[in-house]
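Please have the sequence and the structure open while reading.

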Amino acid sequence: MWTRYSRTFAVEEINENSSILSNISLGFYILNSYYAARMTYKATLTLLSTQYKFLPNFKCVNQNNLIALIGGCLSEISANVALSTGLKDVCVLFQLTYGSFLPIRNSKTQFPFLFQMVPNENYQHLGVVRLLQHFRWTWIGLVAVNDDKGDRFLQTVVPMLSQNGICSAFIVRIPKWNYVDELIDLIVEQWKSYVIFIEKNANVFFVYGEPPSFQFMRVIFFLAPFLAFPPLDKVWIITSHWDFESLSFQKIWDLQTFHGSLSFTVHSNEPFRFRKYLQTIKPSKVKADGFIQNFWEQAFNCSLKKSEDENVAVKNICTGEEKLENLPGILFEMKMSGHSYNVYNAVYAVAYALHAIYKSRYKHRRIVDEGQLILHNVQSWQMHHFLRSSFFNNTAGDTVQFDENGELVTGFDVTNWLMFPNGSIVRVKVGRLEPQAPEGEELTINPQSVCNDNCYPGYSRKKKEGEEFCCYDCAPCPEGMISGQKDMDACINCQEDQYPSKDQTQCTLRILSYLSYEEALGIILAFLAIWFSVITTLVLGTFIKHKDTPIVKANNRTLTYILLLSLLLCFLCSLLFIGPPGKVICVLRQTVFAIVFSVALSSVLAKTITVILAFMATKPGSRMRKWVGKDLANLIVLFCSFIEANICTLWLVTFPPFPDRDMHSFHGKIILECNVGSATMFYSVLCYMGALAIISFIVAFLARKLPSSFNEAKFITFSMLVFCSVWLTFVPTYLSTKGKYMVAVEIFSILCSSLGLLGCIFLPKCYIIVLRPELNNRERLIRRKK
């Protein structure tokens, strides 16, 4: 009954959809096989030769063309129909079976036109094993139909269970029931099976069979209370072949024995408008459909016919307006079942195959009103290629396609069947079996009985005020914390060398960050430091080589050598700032830099003061002559450098620099740095150097108008201006950067300020010494002085 209306619904949808088969209408016949081979053959032959038509809602006179067969809930029926319609030289019809099909060797060759709207049943066997493992059920009873298919089932499943640590408590074979006259004999024979069910202490039964076998078991369980047999409170695991559809006389039979059963049903969805379609079914709208007339009378226990004899009263007259949704689920279910969904997809597969043929032929024929002409003479066998390559999305949003064996590519729903005393049935999807998933992950089970959804990783539980402790809200983890499991009571901190991932579900190792020789920035700065050191060495070599020339003598050779050596060390000390910081490196970085720079600045100051004193001493009667000489210059350099050295010593004694790790400035990184220790001492060092630079600038500025032949004051003034500008810019930049970029700023400042001193003071002299040697003589200098 359920599959019947899914077929009708699909046909009506397709006929109303002009984008699939324009100007073409699908029709169908429905015949009953009565679960018997001889009736199946008879029905098939009747279908192939019948002159009677059952085409609801439209008229076709001579345009009928039998294209496909859809049917075969049972494997035996499927095989019989396939044999009947696949004989060569007789007829070739392809068949889509929505139930099981008995695996036969060379079935692809023997039944080439058979398509199965269900996946291979071996997947269900795997699913049952995974289900038993999930619940740790290792002691089960096996019940199988007593035929070839049941034999094949046991040959496959028993070894599979043993290999996965699951034992079978017993094996019971149940018969197929085809006719009522055989029922009594079968019941007498099968009472022993019921006794086994009771006596064995297995609480889980894995049952394999088809609808006739289920009907037989229903009879056994219906009669059990009358024979004083206790009820069976077991967990039933059944395959997709079974359904709980009942005959009308069975609507009062109790199904509580199967309450809570778990079954693997072919994945199904609810097509749009299907429930509304069922609500429109009325006997008055389909008067030519005798099946609905009989079903209506049996289901509602009434009569649609009025007695011709007015004196004879007919009880329970049907109005025809009764509602199908009021029937118990065992008689009529308003939701689309797995078998119904298979039939629905089968109809659409045929329609899309016809649509593909239409598109293929339309490319070669241009005919007005070509739709009927192209498809009118289509033979069933011609659709084989198009059906095998079918790939489409149905109206429920699922993809429909076949594999190379003609089996539907899909998964199974794990369904929990709830049976209520009033005959209602509720199907609850509690899991999914995906055959294409990785090994061990094919089955997912998700039964829930909780106050609210789980708190997933990245969140922690927060108790709801005024609610039971089982009810809680989910609060996101605070910044810097994680939760790696469901329903954690509190988020946790990562270890120091780790940091939370973006979704705050796990901790990840931090990356060590420092200015290294392996990255572009470190390589460039190291190259500049070495290159400037080479230039300084060349300048020093040039001055030593030409030490006896007037221009070198005139500017105090000793101070010149001290200044050049200190500048060379300034360039080289910048290399201490590149690489991983260690304890010794951190101490040397700042102290060497401070002392060497103070020597350079002291030398510049001494040179400036020496120039001023030299010109003041040339004045008649000047008392400055006694101060002119090397001793004063050396004293200035020693005194000024000694002060900086004492500051650095005090710094090292009180709170020296040390290696440190910054975990917070950059996400996901550990910054290896040298902590300056005492910030006061660090800025004292910088301030002292700044004071030396400012004093040198002022003194040089005052001496800028002295005769140019001997005067370095102009160049020293400009060099001090560059020096002060660099270090005034350094302070805010240094404070606004972090990590290796802060170190790079300091290196850049050291290089720029040192280069400013080297270029401004010594470049003009090198120009005269190397390129204009004619200017480097005593006569020229004296002449310029005069």
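A residue is called buried if its relative accessible area is under 20%, exposed if over 50%, and partly exposed in between. Tyr352, with a relative accessible area of 26%, is therefore partly exposed. The model discussed here is predicted. Its mean pLDDT is 78, and 78% of the residues score at least 70.

**Aromatic pairs**

- The model contains 29 aromatic pairs.
- Phe9 and Phe274 form an edge-to-face pair, because their planes stand at 70 degrees, with the ring centres 5.3 Å apart.
- This pair links distant parts of the chain, as Phe9 belongs to helix H1 (residues 2-16) and Phe274 to helix H9 (residues 274-279), 265 residues apart.
- Both Phe9 and Phe274 are buried.
- Tyr352 and Phe392 make a stacked pair, with 4.3 Å from centre to centre and 15 degrees between the planes.
- Here too the pair links distant parts of the chain: Tyr352 is in helix H11 (residues 338-362) and Phe392 is in strand E9 (residues 391-393), 40 residues apart.
- A cluster linked by ring pairs takes in Phe593, Phe597, Trp651, Phe682, Tyr683, Phe723, Trp727, Phe730 and Tyr734.

**Charges over rings**

- Arg461 is placed over the face of Tyr472, 4.9 Å from the ring centre.
- Lys669 is placed over the face of Phe666, 6.0 Å from the ring centre.

- Strand E6 (residues 204-208) and strand E7 (residues 235-238) run parallel and are joined by 4 bridges.
- Val204 has Val235 in E7 as its bridge partner.
- E7 is also joined to strand E8 (residues 261-266), by 2 bridges, and these strands run parallel.
- Opposite Ile237 stands Leu262 in E8.

**His241**

- Where does His241 lie? His241 is found in the loop between E7 and E8.
- Is His241 buried or exposed? Its relative accessible area is 3%, so His241 is buried.
- The C-alpha atoms of His241 and Pro211 are 7.1 Å apart, although 30 residues separate the two along the chain.

**Transmembrane regions in the record**

- An unreviewed UniProt entry lists "transmembrane region" for residues 520-540, 561-579, 591-615, 635-653, 681-703, 715-735 and 747-770.
- In the model, residues 635-653 are 100% helix and 0% strand, with 26 Å between the end C-alpha atoms.
- Residues 747-770 are likewise 100% helix and 0% strand, and their end C-alpha atoms are 31 Å apart.

**Confidence**

- Confidence is highest in helix H14 (residues 520-545), with a mean of 92, and lowest in helix H12 (residues 370-376), with a mean of 50.
- Residues 53-63 stay under 50 in pLDDT, and the model gives them 22 contacts beyond four places in sequence.
- Residues 366-373 also stay under 50, with 10 contacts beyond four places in sequence.
- Where pLDDT is low, the predicted coordinates should not be read in detail.

Technical notes
Residues are numbered from 1 along each chain as its sequence is written. This is a predicted model: local features need pLDDT of at least 70, side-chain atom pairs count only at pLDDT 80 or more; totals for chains, interfaces and linings use all residues. Side-chain values use heavy atoms; hydrogens and water are left out. Rings of Phe, Tyr and Trp (its six-membered ring) pair if their centres lie within 6.5 Å; planes under 30 degrees apart count as stacked, over 60 as edge-to-face and the rest as tilted. Buried means under 20% relative accessible area, exposed over 50%, partly exposed in between (1.4 Å probe, protein chains only). A charge sits over a ring if NZ of Lys or CZ of Arg is within 6 Å of the ring centre and within 35 degrees of the ring normal. Two strands pair if DSSP finds at least two bridges between them. pLDDT is the predictor's confidence in each residue, from 0 to 100. Contact means heavy atoms within 4.5 Å. UniProt positions are given in the numbering used here, feature names are shortened, and annotations may be inferred rather than shown by experiment.
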